[in-house]
Amino acid sequence: MCGIVGILGQNSAAPRLVESLRRLEYRGYDSAGIATLEHDGIVRVRAPGKLASLETALEPVRLTGTSGIGHTRWATHGAPNETNAHPHVAPGVAIVHNGIIENFRELKAELTGLGCEFESQTDTEIVAHLISEGLKDGRGPRHAVHAALKRLEGAFALAIMIEGYPDLLIGARKGSPLAVGHGENENYLGSDAIALAVMTNKVTYLEEGDWVVLSRQSVEIYDADGDPVDRTMQHTNASALLVDKGNHRHFMAKEIAEQPEVIGHTLAEYIDLAEGKVDLPDFPFGFENLERITITACGTAYYAGLAAKYWFERVARIPADVDIASEFRYREAPMVPGGLSIFVSQSGETADTLAALRYCQANHQNTLGIVNVRESTIARECEAIMPTFAGPEIGVASTKAFTCQLAVLACLAIGIARAKGTLSSTEETELVDALIGVPRHVAEILKEERHIEEIARTVAGSRDVLYLGRGISFPLALEGALKLKEISYIHAEGYAAGELKHGPIALIDESVPVIVIAPHDDLFDKTMSNMQEVAARGGKIILITDKQTAEKNGSTEFAQISVPVTNPFVNPMIYAVPVQLLAYHAAVFMGTDVDQPRNLAKSVTVE
Ligand code: M6R
């Protein structure tokens, strides 16, 4: 859940380390640091807080070393201060680490017994000392590193620099991703291709247990046993990975605005536009005899899965279980072999979702990943993938990835329904037409942004906010609440509208905004009754509904946000957008750090 980078270059490494860290900040931003190999040894500069603090700390320091490592941190062990910031050092060694070393206490006790002194509270520092002890015992760098790796339990991606070896960097990966970048007389290490895109588009992804020895001219990869292995080098679209905010104030605003385009791209991958039919890739398994679907994910991706449950059950008539990955992975759920297990993940690196995938594989499920990062671990370990085409999502709050996940899941539900014979050709064309209309409708909603911003002003500053939805709008209520709380720090909860009277209605008074997501579907009247129950108790209602209903309501005592009238099948993608805009503008009014909210990281690669 941190970002790491390593450079063996021709010029001063420091500026490029910082530039790569800027692209990795989405993985964590509690503190940052770099170390370079200078004539008189390892020099490191670290600073708590965002990368800007590191840049300030670097201003008076002259670093000319051409090899270096860098790190941006999301704290797991130890407070986010300078002492706990990476790189960590031991005599002759500097390392950066993403992951958690689970047996660090035992190792620390052992190393302390050998006389090692520790300055931080991190798990990482012990790795530097383990290697350093190996060097002291007379081992060469690669043997010292390999011996240390064998002692580590847990998850790690490591970049290691050793004093006296200016043409050497060693990387290792177990449980956390690590890529090797190939340059002209230079080589690099990075948590992902985005970090390396400033230097190269030629990338090799290490596999589980791999470790790699880099010089400027060579890349040698070994497996966990120390045997040399070949891993394929890929060309990434580096220029596409070099993202900026364009004219937008925040990445989140840009990513919300990109939705018409990226939903369109995603749908175009899975729909035969000429035929008006869903056109799924060839899978190594069929759907005709499918009896059960399980969907596993975290956070926003989990809510996409929850919405898809309604599609799979209603349209494809297949029971679908949706689970939070961190719960599923330890629940020992019995699974009937041959079921379809779907894993939804923007990053494709979420540790719990990955563990759930491995559990399902061990339980003979067919595995399908819906991922935005095609080179990710989940993408590589699933039997089949249906990528989303959202492009890099940098804002910590997931927006365009969510609507693209929904687009893929909707196409999949139609495809499975066709295979199972639960959908006629005419019905399929109707649903596909509705999907094709989504980018246009989302673009129309974006034109209402100023109105939504005004309403957000009334939400900002609230202590609590409730979101209500029924049926397929219930997951949107959950998503709306998550979006608001993660970026504005306002406490928010999403409820199934029918659950309100079973407890949460006690929270309602004049100070509590209640955001009611009520498309005019078959449950509309029921949701309206719940809304009246809120109104009767003085709740401050914000109704999100379709234009026709809003016009019928006329001017009301409550605020209204209206969206185009669409086939109810596509409502989740439509109603997601005002919900995102509300959260975004409320957060801007609150003055929070929208793209990098406190305590969070974009990619959660630890448990
Ligand atoms: O990369 P993933 O989609 O697997 O990430 C899952 C969650 O961590 C993510 O959706 C998180 O909840 C976002 N911050 C929500 O905006």
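Residues are numbered from 1 along each chain as its sequence is written, and side-chain values use heavy atoms, with hydrogens and water left out. As the model is predicted, local features need pLDDT of at least 70 and side-chain atom pairs count only at pLDDT 80 or more, while totals for chains, interfaces and linings use all residues.

Visitor: Which residues come nearest to the ligand?
Guide: A residue is near if one of its heavy atoms lies within 4 Å of the molecule. There are 15 residues around the ligand, and those that come nearest are Ser 345, Gln 346, Ser 347, Thr 350 and Glu 486.

Visitor: How many Å separate an oxygen atom of the ligand from a polar backbone atom of Gln 346?
Guide: A polar contact here is a pair of N or O atoms within 3.5 Å. In one, a polar side-chain atom of Ser 347 lies 2.7 Å from a ligand oxygen. For the polar backbone atom of Gln 346, the value is 2.6 Å.

Visitor: Which strands are the edge strands of the open sheet of six strands?
Guide: Strands are DSSP runs of E, at least two residues, numbered from the N terminus, and two strands pair if DSSP finds at least two bridges between them. The sheet has the order E5-E6-E7-E8-E12-E13, with antiparallel pairing. Those that pair on one side only are E5 (88–90) and E13 (219–222).

Methods
A polar contact is a pair of N or O atoms within 3.5 Å; within protein, one must be able to donate a hydrogen and the other to accept it, and residues adjacent in sequence count only if both atoms are side-chain atoms. Helices (H or I, at least four residues) and strands (E, at least two) are DSSP runs, numbered from the N terminus.
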